[in-house]
Amino acid sequence: MTAPATPHILVVEDDREISALVARYLRGNDCRVTLAGDGREMDKALSEGRIDLIVLDLMLPGDDGLTLCRRLRETSQIPILILTAKSEEVDRILGLELGADDYLAKPFNPRELLARIRAILRRVGAEAPDTDERKRLHFAGWTLDISLRQLLSPEGARVSITGAEFDLLHALCLRPGRVLSRDQLLDLTQGRAAGPFERSIDVLVSRIRQKIERDTRNPEYIRTIRSGGYLFTPEVTRS
């Protein structure tokens, strides 16, 4: 599955000047754009057609962006890029913890927003680069289905996982037994669109641990290496 040629982007932003600027730029770069000013309008847009990615401002009237992000992740895996003020680091971290795929601080350059949107859509819809990665990776009873972008528990149940979590776990599975720095993981999962916010990797690792580790206080599959990064310990096989 490849990224859509004309992606449909839902921009949830109550500042009309910002939303108009974003819409104009994205439409000028082969994107279809729908605007929403709050959670009610967002829900209406989602009910009316396919949305490929949501640009979600955190400061909204009514339910704020964090509340909407949490609610979206309960029912959907649509990629989410959150917009935050530079001073809102705590909200930025919470947004990533709740399942957002990326963030961008205001004020921002529309060109960077477009680059981040395209990077997320490539990650979500990219075709596997070779036949060895088109099927499944197995570790400690768990299964990562590459073609379907799914995580299956040892019991065979599908476990909810965001696009960003999947990409990080995939990168780790392809490099078992290697210590990978946060910079390396950022580059492997986000490429040139990655910002300097290394904490985002820590947030994603924490979320993945909550899904696959038996004891998150003493993780055995994804180990933290002091001053090094992370080490994926299980043996990985393919099928």
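Tutor: Asp 57 counts as buried because its relative accessibility is 3%, where buried means under 20% relative accessible area, exposed over 50% and partly exposed in between (1.4 Å probe, protein chains only). The model is predicted, so local features need pLDDT of at least 70 and side-chain atom pairs pLDDT 80 or more, whereas totals for chains, interfaces and linings use all residues. Residues are numbered from 1 along each chain as its sequence is written, and side-chain values use heavy atoms, leaving out hydrogens and water.

Asp 57 belongs to strand β3, which covers residues 53-57. Helices (H or I, at least four residues) and strands (E, at least two) are DSSP runs, numbered from the N terminus. Leaving aside residues up to four places away in sequence, Asp 57 touches Val 12, Glu 13, Asp 14, Gly 65, Leu 83 and Lys 106; a contact means heavy atoms within 4.5 Å. In UniProt, an unreviewed entry lists Asp 57 for "modified residue: 4-aspartylphosphate"; such annotations may be inferred rather than shown by experiment.

Two of these partners lead further. Lys 106 is in strand β5 (residues 102-106), which is largely enclosed by the rest of the structure because five of its five residues are buried. On one side of β5 are Asp 102, Leu 104 and Lys 106, and on the other Tyr 103 and Ala 105, so that both faces are covered. Strand β4 (residues 80-85) runs parallel to β5 and is joined to it by five bridges; strands pair if DSSP finds at least two bridges between them. A nonpolar core is a set of buried Ala, Val, Leu, Ile, Met, Phe, Trp, Tyr and Cys residues joined through side-chain atoms within 4.5 Å.

The largest nonpolar core has 26 residues, and Leu 144, Leu 151, Leu 168, Leu 169, Ile 212 and Ile 222 have the most contacts inside it. Helix α6 gives the most to this core, with six residues. All of α6 (residues 163-173) is involved in a further pattern: 11 of its 11 residues are buried, so the helix is largely enclosed by the rest of the structure. In soluble globular proteins, nonpolar side chains tend to be buried together. Ile 212 touches Phe 139, Trp 142, Leu 151, Leu 169, Tyr 221 and Ile 222, again not counting residues up to four places away in sequence.

The open sheet has five strands in the order β9-β8-β7-β6-β13, with antiparallel pairing. Strands β9 (158-159) and β13 (236-238) stand at the edges with a single partner strand each, so one side of each has no neighbour in the sheet. Between β8 and β9 is a loop that holds Ser 153, which is buried at a relative accessible area of 8%.

For the whole, the protein chain has eight helices and 13 strands, and buried residues make up 49% of its 239 residues.
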